[in-house]
Amino acid sequence: MSGVVTLTPAPVLDRTYLVASMAPGKVNRAIEVHEYMSGKGLNVSRTLHVARHPTAAVMPIGRDDEHLLFRTPFPHILRIMPIQGRIRVNTAIVEDGGRTTNVNQSAIPMSTTDWNRVVDLTVEQIQDMDADWLCASGTHPFNSDTDDYVDMTGLFERVREAGARVALDTSGVPLDRLVTSGLVNLIKPNADELANLVGRNLATIGEALEAGRELNHGGVEVALVSLGADGALAITSDDAVWGAAVAPQLVNTTGAGDATLAGFLGNSIREDGSHELDLERALATAVSWGALAVSLPTTLITGLEDAPVPTVAAPDPERVLLEATHLTKK
Ligand SMILES: Nc1ncnc2c1ncn2[C@@H]1O[C@H](COP(=O)(O)OP(=O)(O)OP(=O)(O)O)[C@@H](O)[C@H]1O
Ligand SMILES: [Mg+2]
């Protein structure tokens, strides 16, 4: 067997209220209410599943919330660890015309005991599937016993001992810490996340490439840098490829990064026992699925037949990025 195990350490229940118009401080009546389970690792697994790649999505869920799972697409790919407490809820109020007000809840802290259970379940899945990759995606919760982020290093060590590679897609302090841990094979920063990692703004493909190389020097095998409408770069210490695909239409960019990562990992599953990465092939699928994702209304991809044809080429260092990056920390 082979495949990809994803871990969503802080999944969320997305609740959307559709209203005619929103009057703050008044009673508003919802025309429709939608609720679905969401999480970046879950998105990656769903897309891999649609592409018929073996995958399992590990998630901790509050014991009181397990009923939610029955309303989630593809429940058989979920691997749930029941933990104390309840799942967080992100609320969106969408008015006629599309104006959206969001109220997001922070990730709920988890005890060391519960976190260790999540780690054990994840390692078990890696071993059961003889998986090629662990993909840890999204926000990392706090550990309520240490008052710091949950520690992923023990998990990553065990996953690598089991013969799998580690892919990481997160931001902020956990990303800063783990990127130089020597335990991460692949990271997928977007342009802003990459700029914040190296501490300077990026204006061209050449500057993004240089920043990616710095991550290689810090111990990351592949920097898969997604650049929105400018496509993506796959950077290793001795190779770099650029790719892009034209989006059929621009509807909702949320989750495009998850589709991109799914495309790359799905095409980096070993065949004939080989662990060689084919950067060009993997990046081509990555940008194709990313461009498909932005043309869909939700993060759920239900078919890949309409994914646009990608272009893959040597990076053009002079090319100016369409969107400026923003540093959020000094
Ligand atoms: N406007 C666009 N046109 C074509 N492709 C796009 C566009 N926006 C995004 N993509 C594709 O999707 C990929 C991921 O987009 P982006 O860099 O915005 O990810 P992200 O910020 O990590 O997204 P998220 O975290 O919301 O999933 C890009 O590398 C590109 O291949
Ligand atoms: Mg992202």
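Student: Why is F74 called partly exposed?

Tutor: The relative accessibility of F74 is 24%. Buried means under 20% relative accessible area, exposed over 50%, and partly exposed in between (1.4 Å probe, protein chains only); F74 therefore counts as partly exposed. The model is predicted: local features need pLDDT of at least 70, side-chain atom pairs count only at pLDDT 80 or more, and totals for chains, interfaces and linings use all residues. Residues are numbered from 1 along each chain as its sequence is written, chains are lettered from A and ligands numbered from 1 in the order in which they are written, and side-chain values use heavy atoms, with hydrogens and water left out.

Student: What is the phi of F74, and where is F74 found?

Tutor: Phi of F74 is near 50 degrees, a positive value in a residue other than glycine. Most residues other than glycine have a negative phi. F74 is found in the loop between β4 and β5 (78-83); helices (H or I, at least four residues) and strands (E, at least two) are DSSP runs, numbered from the N terminus.

Student: What makes R52 count as exposed?

Tutor: R52 has 76% relative accessibility, which is over the cut-off for exposed, so R52 belongs to that class. R52 is not a glycine, yet its phi is positive, about 65 degrees. The residue lies in the loop between α1 (40-50) and β4 (55-62).

Student: Why are S137 and D258 called buried?

Tutor: S137, in strand β8 (residues 133-137), has 1% relative accessibility and therefore counts as buried. D258, in helix α7, also has a relative accessible area of 1%, so D258 is buried. Contact means heavy atoms within 4.5 Å. Leaving aside neighbours within four places in sequence, S137 is in contact with L7, T8, P9, K40, G41, V44, D169 and L261. With residues up to four places away not counted, D258 touches K40, N43, V44 and D169.

Student: What makes helix α5 mostly covered?

Tutor: Seven of the eight residues of α5 (residues 191-198) are buried, namely A191, E193, L194, A195, N196, L197 and V198. Their cover includes α4 (172-179), α6 (205-217) and β13 (222-226).

Student: How do you know that N190 caps the N-terminal end of α5?

Tutor: A side-chain oxygen of N190 lies 3.2 Å from the backbone nitrogen of D192. A polar contact is a pair of N or O atoms within 3.5 Å; within protein, one must be able to donate a hydrogen and the other to accept it, and residues adjacent in sequence count only if both atoms are side-chain atoms. The N190 pair therefore lies within the cut-off. Just after α5, G199 has a positive phi of about 75 degrees.

Student: Which residues are closest to ligand 1, and which polar contacts does ligand 1 make?

Tutor: Ligand 1 is surrounded by 23 residues, the closest being N190, S226, G228, G231 and G257; a residue is near a molecule or strand if one of its heavy atoms lies within 4 Å of it. Oxygen atoms of ligand 1 lie 3.1 Å from a side-chain N or O atom of K40, 3.0 Å from a polar side-chain atom of K188 and 3.3 Å from a polar backbone atom of A256. Helices α7 (256-266) and α8 (279-294) are the elements that give two or more residues to the shell.

Student: Which residues have the most contacts inside the largest nonpolar core?

Tutor: They are M152, L155, F156 and I187, in a core of 52 residues. Helix α2 (residues 112-129) gives the largest share, seven residues. A second, separate core of 31 residues includes A259, L279, A293 and L304. A nonpolar core is a set of buried Ala, Val, Leu, Ile, Met, Phe, Trp, Tyr and Cys residues joined through side-chain atoms within 4.5 Å.
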